[in-house]
Structure formats: structure tokens, C-alpha cells
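I opened this entry to look at one helix and at the aromatic rings. My notes follow the order of the look-ups.

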Amino acid sequence: MELHRGRLIDHIQLVVRDLAASRRFYEAVLKVLDVPIGGSAEDYFWADELFVSSIDSRAANGQLTGRHHLAFQARDRAMVDAFYQAGLDAGGTDNGAPDERQHYHPGYYAAFLLDPDGNNIEAVFHGPANRSAASVKIRF
């Protein structure tokens, strides 16, 4: 088994009202971000560090998680644009069309959508940069 991880977040769980609606939304936006669904069962699915489950899942403990803001990294502006359109097409709601947000920093290009549970989901391209690695690889 091989996992890819970033530096700060190991994983995050969202507990949602309608798992099928959430899966349609997240499959669409993650596809354009080149992040595959890693696995699923009747009451959950996961992709990379994101774990999404229904309220009746054992992992949920019968509680919705509430509103979150999640920001996904995009390779370029075109990927941010594709994220936004794919999310709208899959049931997301506009919460900020793709644009540069200079108040964060020069070159910060992002789009914001509300997922079916009202979570604020963002795709951001920070501008041209050199990465030391695409991700951290963990092998078991």
C-alpha cells in the first residue's frame, strides 16, 4: 500500500446528510484536480486525505461535522476554472467565481463553491513555484 501525504493535514472527515450527492460533487471536482477516489463502501468514500461518510456510518458516531472550509491545490489557473465548472455541474453552489485574490497574496487565483452540505470548498493556484516533491510517499 502506498499513500501520498502533505505536511500539515493527515486526513479530514466530513459527515454528510446525502452521501450520494456528496460523492457526485467530490468525484467531479477531484477528477479535474487529478485526485482519484481511493476507495468506498456503502457508507463512505475517500480520496487522498479526505474521508467522507454518511451520518449512519460507524466512523460518524451519529453526528454531522458542521461547516468546514477546505482548500485544494490546483496546478494552474485552468485547473481552478475546471474545478469551478465541474462543481457547479455536479450540484455545487457558487461562493466565489475564479479570480485573483490579491488580498491574500499576488498570484493567488482561486474559486469557491459550497458543497451539498454547505461546506466552503476552494481550489487555489498560488502562482508559479518550484516544489521539492509532488507529495510525501508513505509505503507499508
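**Helix α1**

I checked the length of helix α1 first. The helix runs over residues 19-32, and at 1.5 Å a residue its 14 residues should span 20 Å; I find the end C-alpha atoms 20 Å apart, so the two agree. I keep in mind that this is a predicted model.

Next I looked at the start of α1. There a side-chain oxygen of D18 comes to within 3.2 Å of the backbone nitrogen of A20. After α1 I noted D34, which has a positive phi, near 60°.

Which residues of α1 are buried? I list L19, A21, S22, F25, Y26, A28, V29 and L30.

**Aromatic rings**

I then turned to the rings. How many aromatic pairs does the structure hold? I count four.

One of them is F25 with Y26. F25 and Y26 are both buried.

I looked up Y104 and Y108 next. Here the ring centres are 4.6 Å apart and the planes are at 55°, so this pair is tilted. The angle falls between the cut-offs of 30 degrees for stacked and 60 for edge-to-face.

Y108 has a relative accessible area of 11%, so I put Y108 down as buried. The cut-off for buried is under 20%.

Last, I noted an aromatic cluster: F25 and Y26 of α1 form it together with F45.

Definitions and conventions
Residues numbered from 1 in each chain as written. Predicted model: local features only at pLDDT ≥ 70, side-chain atom pairs only at ≥ 80, totals over all residues. Heavy atoms only, no water. Helix = DSSP H or I, 4+ residues; strand = E, 2+ residues; numbered from the N terminus. Expected span 1.5 Å × (residues − 1). Buried < 20%, exposed > 50% of the residue type's maximum accessible area, 1.4 Å probe, protein only. Polar contact = N/O pair within 3.5 Å; in protein donor to acceptor, adjacent residues only side chain to side chain. Phe/Tyr/Trp six-rings, centres within 6.5 Å; stacked < 30°, edge-to-face > 60°.
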